[in-house]
Each structure stands twice: as C-alpha cells, then as structure tokens.
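Subject: Handover of a structure and findings

Dear colleague,

Please find below the structure that I am handing over to you. I would be grateful if you kept it open while reading the notes that come after it.

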Amino acid sequence: MTYKHFTRRAALALAASAAGFLSFAGSGQAQSFPDRTITLVVPFAAGGSTDVVARVIAQKMGQELGQQVVVENVAGAGGNLGADRVARAEPDGYTILMGTVATHALNPLILKTKPYDPEKDFAPISLLVVVPNVLVVNPQLPVKTIAELIALLKAEPDKYAYASSGNGTPLHLSGELFKAMTGVSMQHVPYKGSGPALNDLLGNQVSIMFDNLPSSSGHMKSGTLRALGVTTAERASSFPDVPTIAETVPGYETYTWNALFAPAGTPAAAVDVLKAAAKKALADPDVAARMGDFSAKIVGSTPDELKTHVSKEIAKWEPVVKNANVQMD
C-alpha cells in the first residue's frame, strides 16, 4: 500500500525526535510536559460509546496531569477525518486520538484512497478498553442458540438477512467473519447507524443483527431482542448467561476497542507521561464502574502492546475484507 503523506510525516517525525531531545533531555525539563491543554480527538459524533469512553478518561487524565484534556469530536468518513487530523498534527503530545478498530484496522484496508498509515503515522500510547459486540435476533426467529441459527441458515441459504450499522463497519465485518467461519449464507443489509437497524430488527423487517452490546442491552433485558452470543473470547460480565459465539464457533472473536494514539514522532517521554496518566485514570473506581456499565473490559496496555495489537488486528481483518469484497472511496 502507498501512503501519499508519508514523506512529510517522516520529516515531521525526524524533526520531532530532535525537538524531543531538546525538550526532554534535561532532568528539570522532563517534568514540564504537559504545560497546557491537551486535545483528545474523537473521530466520531458525540454520544456514541467511543465518545463516552473518551470523556470519562479525559476528565480523569486531566486530574492526573494537572492540565485539561479537552475532547473534540471530528466526525466523518467512518473515523478517517479525525484520525487523519491527528496524524498531521504537531508531534508534541498535545493532540492525541481516541482510535478504534475502524480507524486503525478496517478503514485502511477498505478505503481506496488511504489518507494515513495506521502503523507508521501514529505513536501508540495505550489500549484502554475492549467493548463486546453481540449477535441478537428478533424473538420471532425460531432459534435460541448459535448452533440452531447455523443450522437454520444452512437449511435455508440466503433466506435470512442480517443488519449492521453500515458498509465496512466493525459490525458488518463481524457478520462477514461469522459467515466465513461457519459456511452459512445470509444477506447483508447496511443501515446508517445502529439506531435505524435496531428499529427494523425490532419490527422484524430483518431477523438478525450484530450490534455493540451497550446499544442492544436494554432490548436484551426487556426480551424484545434475543441474544444468542457475545463476540468476545470471554462472556460479558453484565450478561454472564449469554454464551460467547466462540463456545460454538471456536476462534471466533470480534470486538470494539478504544486506544490512545499520538502523531508519529511524539517524544517517548511525552508518550510515557500520557500512558501513565491513562493507566491511573483506568484504575479509578468511578471510571471502572462507568466502564462496567457497558461491559467494557479495562486493559491499560503499554505502547508496545498496543503496537502489536494493531498489527494483529490488521492481519485478522485483511482476509475478511478481501473475501467480503468490501471497498469504499
């Protein structure tokens, strides 16, 4: 793959390395970061799970750092606008990104024009949380388990359809991975967001949906939707009676995740300060309780662990994207 901004960003990274040496070399100066407000870019609209995680974390990080961490929503292009803005930002630690599986694995694989390289144009800070997805069905569908769903879909190929929040989204590709691993055939119906998709699922215009667990949880509790399985390797703490899909389909695993990234070339000392503040924020009981409200599993990784995580996510999703023939302008 080619990345049209690589040369400029390589130059920025080189310049930042020199600047980082000057700014952080002295023992007295090592404590000067941050000395002003930090902007945390959320590449999606306000109100979603990524925005909620960002605002909870930003508040606590600000307390730890002694400077405000202000959330700025830069929505559009499936998260690409906000991610690209951070990739182009001054690599000084004062503009950081709340990245996701969309910004750092799926979009770079799906888009014909690739505005940034998810591995070369960012400095990983920390993988914060992992949020489960869930496979839900309208209760009128005559299945109660993943095994029964697979049997039904194999008995009547392409009769049933699954909804998602849009083409190329993590929820769409959760369905494509399920199809690839089970050998079933079902149609994909993309919507402009989870809300409209859920409305049609509740109305039985479509029978099956992969959704973020927080989005469907109220309907699961009320019985207006039936949960067949969560997509993470372990059961969700908030719904311990709902099995994982992997209990029936070994190796199946998808999820939404939130992680902090800085522009490539950000001084390592600044990254370390941000990582430490994020880890302390995640350890706060109020933050842990808030994350538990929507079954988010707290991680708090190191930069190297996040780097490895991104590489693995790209490797996992590349064949799924290729097999599903998903490509967008």
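This is a predicted model: local features need pLDDT of at least 70, side-chain atom pairs count only at pLDDT 80 or more; totals for chains, interfaces and linings use all residues.

Pockets

Rolling a probe the size of a water molecule over the atoms shows where empty space is left. The largest pocket holds about 880 Å³ of space. Its lining is made up of 34 residues, and those nearest the centre are Phe-44, Ser-165, Thr-169, Pro-170 and Asn-212. Four helices each contribute at least two residues to this lining: α2 (49–65), α4 (101–110), α6 (170–182) and α8 (213–222). Helix α4 gives the largest share, with five residues. Sorted by class, the lining of the largest pocket contains 17 polar, 14 nonpolar and three charged residues.

The second largest pocket has a volume of about 380 Å³. Around it stand 21 lining residues, and Val-130, Thr-232, Glu-234, Lys-297 and Val-299 lie nearest its centre. The classes here are 10 nonpolar, six polar and five charged residues.

Nonpolar cores

The largest nonpolar core consists of 48 residues, and Leu-135, Leu-149, Phe-178, Ile-208, Trp-257 and Trp-317 have the most contacts inside it. Among the elements that give two or more residues to this core are α3 (80–88), α5 (146–155), β7 (208–212) and β9 (255–263). The largest share, six residues, comes from α11. A second, separate core has 34 residues, among them Ile-96, Met-98, Val-271 and Ala-281.

Helix α6

Helix α6 has 13 residues and reaches 18 Å from its first C-alpha to its last, close to the 18 Å expected at 1.5 Å a residue. This helix is mostly covered, with 11 of its 13 residues buried. The buried residues include Pro-170 at one point, as well as Leu-173, Glu-176, Phe-178 and Lys-179. Pro-170 is also one of the residues nearest the centre of the largest pocket, and Phe-178 is one of those with the most contacts inside the largest nonpolar core. Just after α6, Gly-183 takes a positive phi of about 75°.

Two single residues

Is Glu-313 buried or exposed? Glu-313 lies in helix α11, and it counts as buried because its relative accessibility is 3%, which is under the 20% limit. Not counting residues up to four places away in sequence, Glu-313 touches Val-101, Ala-105, Tyr-255 and Trp-257.

Pro-214, by contrast, is placed in helix α8. Its relative accessibility is 26%, so Pro-214 counts as partly exposed, a class that runs between 20% and 50%. With residues up to four places away in sequence again set aside, Pro-214 touches Val-131, Pro-132 and Phe-294. The C-alpha atoms of Pro-214 and Thr-37 are separated by 31 Å, and the two residues are 177 places apart along the chain.

With kind regards

Conventions:
Residues are numbered from 1 along each chain as its sequence is written. Side-chain values use heavy atoms; hydrogens and water are left out. On a 1 Å grid over the protein atoms alone, a cavity is a set of points where a 1.4 Å probe fits but cannot get out, and a pocket is an open set with protein on both sides within 12 Å along at least five of seven lines; lining residues have an atom within 4 Å of a point. Grid points are joined across faces, edges and corners, and a volume is the space filled by probe spheres set on the points. Ala, Val, Leu, Ile, Met, Phe, Trp, Tyr, Cys and Pro count as nonpolar, Asp, Glu, Lys and Arg as charged, and the others, Gly among them, as polar. A nonpolar core is a set of buried Ala, Val, Leu, Ile, Met, Phe, Trp, Tyr and Cys residues joined through side-chain atoms within 4.5 Å. Buried means under 20% relative accessible area, exposed over 50%, partly exposed in between (1.4 Å probe, protein chains only). Contact means heavy atoms within 4.5 Å. The expected span of a helix is 1.5 Å times one less than its number of residues.
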